[in-house]
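These are my notebook entries on what I looked up in this structure.

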Amino acid sequence: MTHDAVIIGAGHNGLVTACYLARAGLKVCVVEKNDWIGGAAVSRELYPGFTYSNCSYVASLFRPEIMRDLELPKHGLQILPYEGGAVFKEDGGYLGMFRDHDANRREFARHSKRDAEAYDRYSRDVLRFCRFIRPMLLRTPPDPSTFRPRDLSELMWLGRKMGEMSERQIAETVRFWTMSISDYLDEYFESPVIKGYLAVSAIIGTALGPMSPGSAYVLLHHYMGDVDGNVGAWGYARGGMGSITRALTQSLLAAGGEVRAGTGVEQILVSGGRATGVVLSNGDVIKGRRVISNMDVKRTFLKHVPEAELPGDFVKRVKAFKIRGSSGKLNIALDSAPVFPALPEGAPNIRGDLHFTDSVEKMERAYDDWKAGQFSRDPFQDCMIPTMIDPTMTPPGKHFMSCFVQYAPPKIEGRDWTDADRDAFGQTCLDQIARYSPGFKDRVLHVEVRTPRELEAEVGLTEGNIFQGELTFDQLLFNRPVPGYAQYRSPIRDLWMCGSSTHPGGGVMGAPGRNAAAEVLREMKHPSGMSEAYAVI
Amino acid sequence: MIATSKTPLDHFRTPLLQTPFHARTAPANRLNHWGPWAGYMTALCYGDSDMEYTAIRNGASVYDLCPMVKYAVRGREAAAYLNRLTIRNAAKLSVGGVHYTVWCDDAGKILDDGTLFRHAEDHYVICCQERHLGWLLDSAEGFEVTVEEITEDIAALSLQGPCSATVLGAAGFDVSALKPFRMARFPFEGGEITVSRTGFTGDLGYELWMAPDQALPFWDHLFAAGAPWNIRPIGTDALNLARIEAGFIITNMDFIPADQALREDRPRSPLEMGLDWMIDWEKGHFTGRRALLAEREKGSDWALIGLEVPGNISAEGSILYYGKKVEAGFITAAAWSPSVKKSIALAQVPARHRGGHDLWVEIYALRELQYVKLMLPVTVVERPFFNPARKRATPPGRV
């Protein structure tokens with residue numbers, strides 16, 4: 001039998017696309033190489049009784065329109081806002097973050113009275129950029145090189161959006177998109193630790209340092225989501241990040257879709273210039289009227305499509321697409337709650353993101369190691385203990401800790417990572433935590449260490465890049481992933497893309513998946529059944 | 001050198017601070033009706049807002065002013081700095097004087113309003129609603145001044161009402177010669193308190209400034225002296241009614257500070273808020289001057305107006321219409337005024353509607369769970385709505 005759509009990869013975007021198409025009445029089959037589903041929004045039990053968030057670890061970007069359309073709450077999805085966060089300083093002090101506005105101001109004032117009062121203006125300015133970009137997330141980028149009516153009207157829409165801003169705001173916006181987060185923060189703040197905390201969102205998942213131009217936009221990418229309307233806030237998916245893809249799978253099955261896990265795609269079948277299905281690694285063939293790849297653009301076109309079927313220029317652009325891995329991950333099962341003596345008894349900060357990098361300079365030095373082809377000797381870590389809030393992931397009193405680590409290069413000085421490299425990397429991270437949390441290592445029951453090698457091999461992310469391609473300005477909007485192919489289509493008819501390599505990029509957002517489904521349905525002249533993107537008023 | 005505060009690490013346990021008067025205001029607050037104001041617990045009502053309001057207009061009322069944000073500006077070029085920062089002429093303010101003022105961003109939109117106190121040639125204090133240390137320090141580039149945030153270093157009460165001068169006299173502070181917007185210092189228990197003839201009620205009244213450790217003894221002394229005039233603490237609800245009658249505006253209620261506005265069309269200029277009378281165009285450059293000059297040339301987009309509304313129902317939160325159909329601005333503050341016996345309101349309207357021709361207000365009055373919808377014609381009137389002669393009389397009338 002022939003499916004209406006075969007979707008490669010049961011990550012969140014593949015499942016979002018599948019759900020929308022299935023609800024529109026299409027016969028869809030999602031093919032997943034791993035025995036489990038989830039891609040990078042995945043929860044596995046690697047230690048008995050402990051649910052991990054093995055890759056992505058917090059939620060904010062996932063579009064609420066998608067949760068609503070696909071009835072994900074009915075299928076078990078719950079997003080829990082979290083409070084807190086802290087940067088532990090080398091001198092034994094710390095900077096805490098608080099949801100309460102006045103508590104946060106007083107905390108900042110411990111480090112700089114001026115910065116404490118400058119923070120509101122900074123937040124306002126960044127929020128303005130968020131308000132500008134949010135309406136673009138659920139729209140297909142226009143192709144500026146065509147004269148198709150839809151592209152022209154989308155370009156005009158973009159122009160109108162710019163036109164709504166004052167000249168000064170346009171200048172600010174363009175500056176922000178192109179400058180480094182370090183320079184941007186210097187315009188507001190003087191305290192090294194405050195800047196060190198705020199710079200974090202600009203480097204996560206990116207092979208840029210905080211002093212690299214373009215890093216400020218990456219910060220925006222992390223601020224433009226929301227938790228129930230609280231823009232910029234982040235939360236935990238109750239039951240781990242895998243509960244997002246679990247809810248999507250349930251929604252898909254309820255709509256009559258199908259998931260085949262355990263055998264990956266070997267080759268996308270192309271015949272007469274059209275995609276007609278996939279061959280699995282076990283030789284099975286799944287026929288489809290269209291094939292939609294949730295894999296990144298490099299993996300899709302350089303590994304699973306015969307090069308002869310593709311225009312040379314396209315292949316060249318795909319090869320040049322920047323997808324450099326920059327991060328690793330430690331997932332730790334803990335026998336008891338870690339203690340950070342710097343924090344006062346009862347401080348809520350431990351329920352949020354914990355960092356050990358107390359200045360932008362240290363972050364940049366960690367990036368210097370990456371440039372030299374080494375993992376950072378003094379890495380930046382974004383550590384979270386979701387079980388401080390989520391009672392479902394571990395037995396009572398036990399904890400799961402997720403440590404996102406930068407920087408880790410895709411190759412060590414040009415050669416592949418070895419197990420010894422991986423273990424040394426893991427040890428470096430554990431040592432860093434233990435410096436601020438005595439006895440930490442004694443609480444450890446199990447550690448999963450993932451370098452770019454594991455991320456590529458297990459999750460399928462080329463070079464271990466968590467965004468399926470860097471979020472630099474040259475790779476955004478109608479240039480993502482390749483100019484002329486930003487509308488979820490490819491040079492091969494009926495071969496589509498729906499992953500984070502496409503607009504609007506990475507993170508557990510679901511927007512690429514929804515936009516791709518919208519394009520497929522539009523081409524079929526089929527009603528989409530999608531709710532309008534929520535208005536920004 | 002980075003200036004830091006000595007806040008204790010466990011400050012998060014009490015995100016709302018208590019003012020130095022808390023040991024007195026807390027037992028007086030029979031309703032335990034508190035609200036947050038600038039990071040402090042502040043009494044919204046102690047027991048009965050009507051009685052508290054009546055104390056403002058009949059006797060002597062005391063409002064805890066401590067949460068007001070305060071900055072000290074010191075240095076040889078303090079006056080020049082403040083002239084550059086604010087729209088009014090701070091150099092013309094004589095030592096011992098106070099004036100109401102406003103500062104703007106480069107686009108000529110209001111960042112905040114506040115009162116400026118000149119304690120010495122080279123020493124001013126700014127009192128305002130919002131926090132601006134970054135802006136104030138950036139603006140100080142090139143001036144020989146220091147700017148310091150001193151909110152927690154000063155405790156303050158507002159004593160307002162027709163008996164306020166009499167009460168101060170009974171307390172041993174003779175303010176009979178003190179003119180409006182002037183300050184005087186008085187010894188108190190080995191220290192000193194500063195009395196300014198200022199306030200936010202549009203009535204006779206004084207603001208009393210002291211060191212935090214003087215707060216409780218001073219409170220006790222004042223309340224003992226004021227007992228014959230039924231001195232009573234008042235909450236924000238009563239004060240808000242009095243300030244509407246006085247026609248005063250409040251930051252973040254009647255306008256949004258330019259540096260907080262997310263939407264670019266929300267900030268307002270001094271011209272749009274009816275504050276053009278305080279701009280000194282001749283004093284030299286000040287921040288926002290170029291934009292304000294341009295606005296004066298081409299006209300403003302908005303206007304703040306005072307309104308009288310027929311009937312006795314408050315128009316709070318209502319939308320205005322031109323010819324009952326086209327939206328034409330909105331009410332920012334409204335109340336039934338006990339002192340003028342009218343329904344009064346402050347409103348922002350597109351400038352072309354400032355005259356109020358064919359202007360209507362649509363009121364949704366909640367009565368027993370149901371809204372009664374009213375469409376009423378409004379009349380533009382001068383502010384203040386309530387303007388008693390006793391506010392200005394020097395010496396003030398003795399009661």
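I began with what the buried residues of α9(A) pack against: α4 (113-133), α6 (167-178), α7 (181-186), α8 (192-198) and β8 (230-231) of chain A. Contact here means heavy atoms within 4.5 Å. Helices (H or I, at least four residues) and strands (E, at least two) are DSSP runs, numbered from the N terminus.

I noted that the model is predicted, with local features needing pLDDT of at least 70, side-chain atom pairs counted only at pLDDT 80 or more, and totals for chains, interfaces and linings using all residues. Residues are numbered from 1 along each chain as its sequence is written, chains are lettered from A and ligands numbered from 1 in the order in which they are written, and side-chain values use heavy atoms, without hydrogens and water.

I then checked burial in helix α9 (residues 215-223) of chain A: nine of its nine residues are buried, so the helix is largely enclosed by the rest of the structure. Buried means under 20% relative accessible area (1.4 Å probe, protein chains only). Among these residues are A:Tyr217, A:His221, A:His222 and A:Tyr223.

In chain B I traced an open sheet of six strands with mixed pairing, in the order β10-β11-β12-β9-β3-β13. β10 (183-188) and β13 (232-233) of chain B each have a single partner strand, so one side of each lacks a neighbour in the sheet. Two strands pair if DSSP finds at least two bridges between them. Strands β9 (residues 155-160) and β12 (residues 205-210) of chain B run antiparallel, joined by six bridges. In this pair, B:Ala155 stands opposite B:Met210.

Lastly, I looked up the domains of chain B, whose bounds come from an automatic or database domain assignment: domain 1 (13-66 + 154-234) and domain 2 (301-381). Their centres, taken over C-alpha atoms, are 33 Å apart.

Notes:
Buried < 20%, exposed > 50% of the residue type's maximum accessible area, 1.4 Å probe, protein only.
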